[in-house]
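Let's take a walk through a structure together. Keep the picture open while you read, and look up each part as it comes along.

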Amino acid sequence: MENTVLSIEGLCIDARAPILQDISLAVRAGEIFGVIGESGAGKSTLAMAMVGLLRAGCRRVAGKVTLSGQSLFDLSQPQLEQVRRRKVSYVAQSAAAAFNPFYRLGDQVTELAALELGTPAAERRKMAADLFRELQLPNPETFGARYPHQVSGGQLQRAMIAMALINNPDLIIFDEPTTALDVTTQLEVMRLIRKIVTARGCGAIYISHDLAVVAQLADRLMVLRHGKVIETGATRTLMETPQQDYTRALVANKTTTSPAVQARTAQPIIALRDFAAGYGGVSLVQDISLDLSAGHITCLVGESGSGKTTLARAIAGLVDVHGGTATFQGKPLVPRLEDRPRDARRRMQYIHQLPDLALNPRQTVREAIGRPLAFFAGVTGAAAEARLRQLMRDVELPEEFLDRYPGSLSGGQKQRICIARALAADPEVLICDEVTSALDPLVEESVIQLLLRLMQQRPLTLLFITHNLGLTRRFAHEVAVMQAGRIVEFAPAETIFAAPREAYTRTLLDATPVMERGWLEARL
Amino acid sequence: MRNLGFLLSLAAFAVLILAALLAPLIAPYLPSEPVHAPYAAPGDGGLLGADSLGRDMFSRILYGLRYTLGISLTVAVLAACAGVSLAFLAAFRRGWTDILLGRLVDAIMSVPQIIFALVVLAVAGVSLTTLILTMAVLEATLFYRVIRPVAADIVAMDYVEVARLRGEGLGWYLRREILPNAAPTLIAEFGIRIAYAVLFISGLSFLGVGVQPPAADLGGLVRENALAISVGQLSPLAPAACIALITLSVNGIVDWFIHKYSIRAELG
Amino acid sequence: MRDFIVSRGISGAVSLFIVTLLVFAGTALLPGDAASALLGQNATPEALEAIRRNLGLDQPLIWRYLAWVGHAAQGDFGQSLASGRPVAEVLLPRLGNSLLLASVAAVLLLPFAIGGGIAAAIWQDSWFDRVLGFTSMLFLAMPAFLVGYILIYVLAVRLGWFPSMSVAPLFGGASAWAKILALPVISLVIIGQAHTMKLTRTAILAVLATDYVLMAEVKGISRRRIILRHALPNALSAILSISILTVAYLIVDVVVIEIVFSYPGLGKLMVDSVAYRDLTVVQACGLLFALIFIGMNFLADLLALLVNPRQRVPARGA
């Protein structure tokens, strides 16, 4: 095709096992081509192959990558470097790690101009300032004089996009550029990417695990799984009529709402009034008034640094309480964990974000789940064994896993073990701290479904902390929105989503990507 | 390649340990007996020749091995017990315990080890006890420096917090949460410390402040026979080479272990 | 940045303070004080008492400590128990000899070992890297005196190129010194290089594995420029620290090497003084070694700081 900037034909890359198998795609100038896949799909290897790079230990078995008419794997090293300098740019996920800490941002952003064109320093400063202005960075004239450690993560991400534009590339590869960002910053970056591609007419690859983000940005879409192409097509077609089961599941996951758990009572099991907590003398959360209704799912939502995890940890007794009152079933909640009686500790269980860190790698699943049984209820021996098997059935894992070490389990399985361990204490309240944010979308969905089923089987109250407002829409009874250590809005879920009272809630809702057509266009 | 190195190291170390244990059975002569002509060449007087008093070098090396290995292992065990328990304590307690211990270890480590040992031994006098205790204190600081951050990393893990949320006691933390996870690093570090102790005691004995005559460890044997090298005798090189063989074999085993358990590289 | 220097300075001073306490406590608290060490076991109680008074050993402990530190700070370490001469007078020429030996070794060793370490990292897993890895493994396992004696055997006894003992020349200029220094210096270089090379290689590999080096590669920067402009500046602070620590370790290796070659340096003086139980000299030597070591560490921190923009420039400037 005339205006194809990148084409990949039958690309196969092996490490010890195959990583990519028979990948073919073509990207035209002026379009954004989305690549979606879960962890282990081979996204990063594919991104590197697009610039002719293979990681250590990787080998190209077959296939061809053609960028701006040149077959990358047939070029000599100097030729390949020249193509990279002139034709293609790459925007990485972690901008903080991708900038050299030794040099000022301006020098790094304009390095290629100096190398390729010999542009003098004064002119490069101007080029950089223009780009920084285009990317809406503060003080564009002086921004380039800063070092990477002096600016925020969102600003660094935009500076990296500026760096990608310096050589007027034919193709820009965006490798999960918004994954580490808050939704409001994510929306800004998405807008910028869309504008740039339209204005400059270059081709773009957008790699992500988040279908909603890709669906908004990409003109065409490729679904990648275990190194194979599941499906490729126009984004609209793929969203509306997916051909493969995996794609259908991904799409369904983002569009359907789960049947809500029947709310039981409205009796508050935990009540906070003017509650404040923090470390040392500094209160990180304050003026907190919150009721967790028994049998309800209360979601605590906010961007990073809003204090949502601090609040959850303060309820669990892990953070110093600075003021206000807290009651648990009408009785005062002892602030310090160490001062709480054993039974109080049993009734409230905490599940961490990263199951990798929450399971001791040197304890078998049996030991991990068996300990709370023995510790809280004194259940050992045959009785414990029966309980262990029941718990494994409850979290829908095979009983054989009892003798495994966490290292041999997947992320989702590990999180189920953590849930089983919390259930072993027979708790009344579960505090779930971003328990699904490290999981792939379909696994996330299955863990949420599991929690909902458990809620129906037993009298549990759930405090669910998340940064993902879209996720809470599907199962929350009440939502508390946090910003800068305070609760800005606390209301039943229907109210929050249908008629949010606070501007900040509206901003968050507005910035959360959804699948609907034209969502991003409406926000340009 | 690494596996071959490991097997060779393991075989060499096993032979050395057996030689030390069975010295009285293997040695052809008593280490103190003048049985050959002074400075007899290898072949004329025993397997490795004789020293200035006509004592059999091979027998003396076998007995010297007992001192070198015995002292090094004792020092490593003592240092591990002290260094590791203090490191665990500091990582777990944090606060003042951590700061004071850290300060003390820094101060001891800010003096070169051999200088420190010389000062202490000059004052306290050289005996097997003072030697082992001095070395153990110095080695304990090295254990501490490596193990404390490892233990601190483990204490910061969520699974330790899960135990805290449950309300476990100190014993559970140390035995069930920290120790099993620190074990690979600990074992690797133990090997490194043995190799280091071998070089350390050999160096001290070579300088004359280690094992005292008439007994001699490998470093002492080098010292005794040092003059012979100037007249073209190789006898001092045999015990020195033996020291190198011990450290080389221990390092070979540790290297394999570190790779097997992919322990962080900043060890040693 | 000033805060950092001050805090490092304080931490060095605290270390030094604890070291003076340890060294002092060593001589003051342990059995066998200086007087009995001086007179031996057959001393009469009267003679011991006289000597004790003479040395000020009858004064309170704190007073003795302060006096000792005060004098030491002015370069007065008291008198040698063995020879009766002022310790400083005995010490200074020996210190000069040791510094000469260590600095010549450092000048030869550093470019060679650091260059080797960088090359080994750049050509990781090449035959060059493997050979270096193998030799440094060998040398790290060897006691220092083994290297010294092998050199004596080959270069002095067999080939006769150098004298095997370093008797200080009373006459004769640089060439005489060069001959004497040759073997100890070569030994020190061989012993010291393995560690330095290994540390340098590790430091460079850590930088080459960073995302920003990968980013430079993706941008199409040449390998040469990546190493010179993107990797090395970031490894500079590590390399500086390694260099200075190498010098600090050399000063320690000097002790054994001086004994091997009978080189008249500080290390030999200290070991000989331990044998005579000349405690004032041992104390002074120990303090001097510690001072050099702590000073070197402070210098390493300072230099590392000067080349690191993260430390040099505050987090939120401009």
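Predicted model: local features only at pLDDT ≥ 70, side-chain atom pairs only at ≥ 80, totals over all residues.

Residues are numbered from 1 along each chain as its sequence is written, while chains are lettered from A and ligands numbered from 1 in the order in which they are written.

Let's start with chain A, which splits into domain 1 (1-87 + 200-256) and domain 2 (268-360 + 426-523); such bounds come from an automatic or database domain assignment. The centres of these two domains of chain A, taken over C-alpha atoms, are 37 Å apart. Where they touch, 15 residues of domain 1 of chain A are in contact with 9 residues of domain 2 of chain A (in contact: C-beta atoms, placed from the backbone, lie within 7 Å). On the domain 1 side, helix H10 (211-217) and helix H12 (245-255) of chain A are the elements that give two or more residues. Helices (H or I, at least four residues) and strands (E, at least two) are DSSP runs, numbered from the N terminus.

Now for chains B and C. How many residues does each chain bring to the contact? Chain B brings 38 and chain C brings 39. On the chain B side, H5(B) gives the most, with 9 residues. That side has 27 nonpolar, 9 polar and 2 charged residues. Here Ala, Val, Leu, Ile, Met, Phe, Trp, Tyr, Cys and Pro count as nonpolar, Asp, Glu, Lys and Arg as charged, and the others, Gly among them, as polar.

Last stop: chain C, where helix H5 (residues 87-122) and helix H11 (residues 266-276) pack at about 130°, with their axes 7 Å apart. Axes are lines fitted to C-alpha atoms, for helices over the stretch in contact, and angles run from 0 to 180 degrees between N-to-C directions. H5(C) and H11(C) are therefore oblique to each other (under 35 degrees is roughly parallel, over 145 roughly antiparallel, 65 to 115 roughly perpendicular, and the rest oblique). Val90(C), Arg94(C), Leu95(C) and Ser98(C) in H5(C) meet Leu266(C), Gly267(C) and Leu269(C) in H11(C).

How values were computed
Contact = placed C-beta atoms within 7 Å.
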